[in-house]
Amino acid sequence: MADGIFPLVELAIQICVARGVRRFVVAPGSRSAPITTALAAHPDVTVRVVYDERAAGYVALGMAQQLRTAVGLVCTSGTAAVNFAPAVVEAFYQQVPLVVLTADRPPEWIDQQDNQTIHQAGLYGPHVRYAAVLPMDDGHPDTRWHATRLITEAIDAAHDLQPGPVHVNIPLREPLYAPADYRHQFDREVVIRQRSPIRQTLDESAWQPLLEAWRNARRKLIVAGMMNVDPTLHAALQRLQGDSSVVVFADITANLWPHVAPLVHADVALGTRDPATLEALTPDLVVYIGGPVTSKYLKTLLRARPPQHLWRVQPSGAAPDTYQHTTTLIHMQPGDFFSALADRAVESTNSGYAHQWEALTALARQQLFRLLDEAPFGEFQAMGIVLEALPDRSLLQIGNSMPIRYANFIGVTPGHVPAQVNANRGTSGIDGCVSTAVGAALTTDALTTLLVGDLSFFYDRNGLWQRTLPPNLRIVLFNNHGGGIFDIIDGPNRLDPDTRTTFFLTPQPLSAQRTAADHHLRYFYAADRETLRNVLPGFFAPSAGAALLEIETEMEMNRSVFQAFRQMVAGLKL
């Protein structure tokens with residue numbers, strides 16, 4: 001086999017291992033056999049087999065979210081590689097590193113009616129940080145050098161200041177299967193270049209106008225979107241919160257709790273429609289960090305009432321102008337920026353800005369929970385009950401559509417604060433939520449809970465189709481039997497009932513009980529407050545094995561409760 005493709009495949013795997021990519025998710029196939037068998041033979045590699053390529057992509061995403069280092073992803077040629085695309089795109093916008101290795105036919109067989117053969121070079125377009133095609137092995141030392149360079153560049157790009165997925169397409173010529181006595185040769189002496197860590201700073205001349213604006217601003221709002229736990233950032237924000245002109249507005253996926261004390265119900269408070277209250281909350285300086293925020297109320301406020309200064313802080317790259325009025329782009333790690341700012345900043349004159357926010361959010365919390373206590377049972381109340389029972393310092397995954405919105409309004413509960421919250425908010429699709437949670441659970445012994453809606457769950461059931469599931473996985477399914485969000489948000493509710501029901505609400509009669517049985521999940525069911533509270537201790541029992549809790553609600557009741565919620569928050573005022 002020395003003159004086959006195996007030497008370059010073995011080289012690629014050894015470089016991955018040397019650079020810390022040691023966990024791989026493999027979707028089975030024939031063309032990828034040389035890659036799969038090399039991974040299976042390497043003593044330092046851990047391989048997870050996932051049968052469905054779309055699910056496999058999201059399992060790798062969930063693993064990489066928690067590990068904060070690249071996970072490898074392998075598949076055969078043809079549409080198998082296309083099915084990785086949703087997870088690759090989500091990883092790109094979440095800035096999660098993945099190393100995608102797709103097997104391919106030799107280039108001369110493209111468009112020649114050969115099986116499982118498509119154009120795979122550049123398959124993921126602009127949604128990867130790097131893309132390359134591994135050369136066909138011809139035995140020349142320059143070819144080995146070329147392959148080494150490509151794999152090394154790919155892994156470097158995956159872990160760059162803006163991390164993300166990378167794609168290496170690997171054309172493989174038959175024979176694809178080695179003789180039984182073949183032994184893979186991994187070059188332990190492979191020479192690869194090592195990257196030096198990059199730490200960005202600002203010189204003092206750049207700090208001067210920033211500090212002047214900071215000191216003069218009487219209403220400063222720090223907006224934290226989706227990000228990983230960052231102790232450096234937490235310490236800096238704690239220092240800045242001593243200034244009464246500073247407010248921290250954090251998405252539930254910003255992972256600031258319990259280290260920083262952002263206003264838990266700030267998103268509820270921003271639902272006010274009182275002009276005087278909105279004016280009092282409007283900042284004159286905003287610093288926004290991290291990924292997307294869930295709050296539509298915040299986007300509406302800052303787009304309609306632009307602050308004088310709007311700073312975006314991120315390590316590198318072009319700035320997303322989410323609020324349409326960005327004035328300054330600062331290329332630094334957010335933790336480093338706020339640490340340096342805290343060292344230099346002088347506390348502003350007491351403006352009472354933070355106190356106004358605190359007063360309104362306290363009122364918002366009081367009225368929110370009064371409403372949920374008094375209203376008939378629905379998924380909004382169920383979300384609150386589950387979050388109040390969540391084991392402290394466990395991991396939390398939240399599905400898109402209504403679950404992330406409910407969770408963001410309710411917030412975390414003292415004594416039940418997750419160690420890490422993740423959601424696929426890069427593109428906010430409903431696909432892959434189950435698979436991502438499975439991947440996250442595979443990386444840890446900590447209890448990992450997914451809060452997910454019914455369409456998201458049933459769409460991604462194949463994420464459970466694996467030989468074994470991690471025993472620490474818990475799935476909470478909010479089943480309103482359709483696309484309930486389209487019965488709540490503005491727009492679809494103005495359509496005629498038949499159109500809304502057929503094309504948007506998409507009613508479905510499914511129960512998850514048989515799915516749980518198929519995949520050996522303990523099954524729990526609740527349709528009222530009392531039952532839900534009674535089953536949660538057993539559901540969350542740490543040593544009992546993977547479990548699914550199905551909470552059944554009525555779509556009409558959910559709509560009624562959410563309408564009452566919006567009316568309630570609209571009337572909030574200072």
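**Helix packing and local features of the predicted model**

The axes of helix H1 (residues 6-18) and helix H6 (residues 141-158) come within 10 Å and cross at roughly 35°. Helices (H or I, at least four residues) and strands (E, at least two) are DSSP runs, numbered from the N terminus. Axes are lines fitted to C-alpha atoms, for helices over the stretch in contact, and angles run from 0 to 180 degrees between N-to-C directions. The model is predicted: local features need pLDDT of at least 70, side-chain atom pairs count only at pLDDT 80 or more, and totals for chains, interfaces and linings use all residues. Residues are numbered from 1 along each chain as its sequence is written, and side-chain values use heavy atoms, with hydrogens and water left out.

H1 and H6 cross in a right-handed sense. A crossing is right-handed if the near helix is turned clockwise from the far one by less than a right angle, and left-handed if anticlockwise. From H1, the contact (heavy atoms within 4.5 Å) takes Pro7, Leu8, Leu11, Ala12, Ile15 and Cys16. H6 supplies Thr143, Arg144, Ala147, Thr148, Ile151, Thr152 and Ile155. Nine of these residues are nonpolar, three are polar and one is charged. Here Ala, Val, Leu, Ile, Met, Phe, Trp, Tyr, Cys and Pro count as nonpolar, Asp, Glu, Lys and Arg as charged, and the others, Gly among them, as polar.

Helix H14 (residues 379-389) packs against helix H20 (residues 529-539), with axes that come within 10 Å and cross at roughly 25°. H14 is therefore roughly parallel to H20. Angles under 35 degrees count as roughly parallel, over 145 as roughly antiparallel, 65 to 115 as roughly perpendicular and the rest as oblique. The crossing of H14 and H20 is right-handed. On H14, the contact residues are Gln381, Ala382, Ile385, Val386 and Ala389. On H20, they are Arg529, Leu532, Arg533 and Leu536. Six residues of this contact are nonpolar, one is polar and two are charged.

H14 also meets helix H21 (residues 555-570), where the axes come within 8 Å and cross at roughly 80°. The two helices are therefore roughly perpendicular to each other. Glu379, Phe380 and Gln381 of H14 touch H21 through Asn558, Val561, Phe562 and Phe565. H14 is mostly covered, with nine of its 11 residues buried. Buried means under 20% relative accessible area, exposed over 50%, and partly exposed in between (1.4 Å probe, protein chains only). Among the buried residues of H14 are Glu379, Phe380 and Gln381.

Helix H15 (residues 402-410) is mostly covered too, with eight of its nine residues buried. These include Met402, Pro403, Ile404 and Tyr406. Ala407 lies in H15 and is buried, at 0% relative accessible area. Not counting residues up to four places away in sequence, Ala407 touches Ile252, Met383, Leu387 and Ile398. Met383 and Leu387 are among the buried residues of H14. The C-alpha atoms of Ala407 and Trp109 are separated by 51 Å, at 298 residues apart along the chain.

Ser401 sits in the loop between strand E12 (395-398) and H15. Its phi is near 75°, a positive value in a residue other than glycine. Ser401 is partly exposed, at 21%. Gly411 follows H15 and has a positive phi, near 80°. Ser428 lies in the loop between strand E13 (420-423) and helix H16 (433-442). Phi of Ser428 is near 60°, again positive in a residue other than glycine. Ser428 is partly exposed, at 31%.

Two cis peptide bonds occur in loops. Glu174 and Pro175 are joined by a cis peptide bond with omega of about 5°. Pro175 lies between strand E6 (165-171) and helix H7 (204-216). Trp257 and Pro258 are joined by another, with omega of about -10°. Pro258 lies in the loop between strand E8 (246-250) and helix H9 (266-269).

Thr76 is in the loop between strand E3 (71-75) and helix H4 (79-82). Thr76 is buried, at 5% relative accessibility. A polar atom of the Thr76 side chain lies 3.2 Å from the backbone nitrogen of Arg31. Beyond four places in sequence, Thr76 touches residues including Gly29, Ser30, Arg31 and Gln116.

How values were computed. A polar contact is a pair of N or O atoms within 3.5 Å; within protein, one must be able to donate a hydrogen and the other to accept it, and residues adjacent in sequence count only if both atoms are side-chain atoms.
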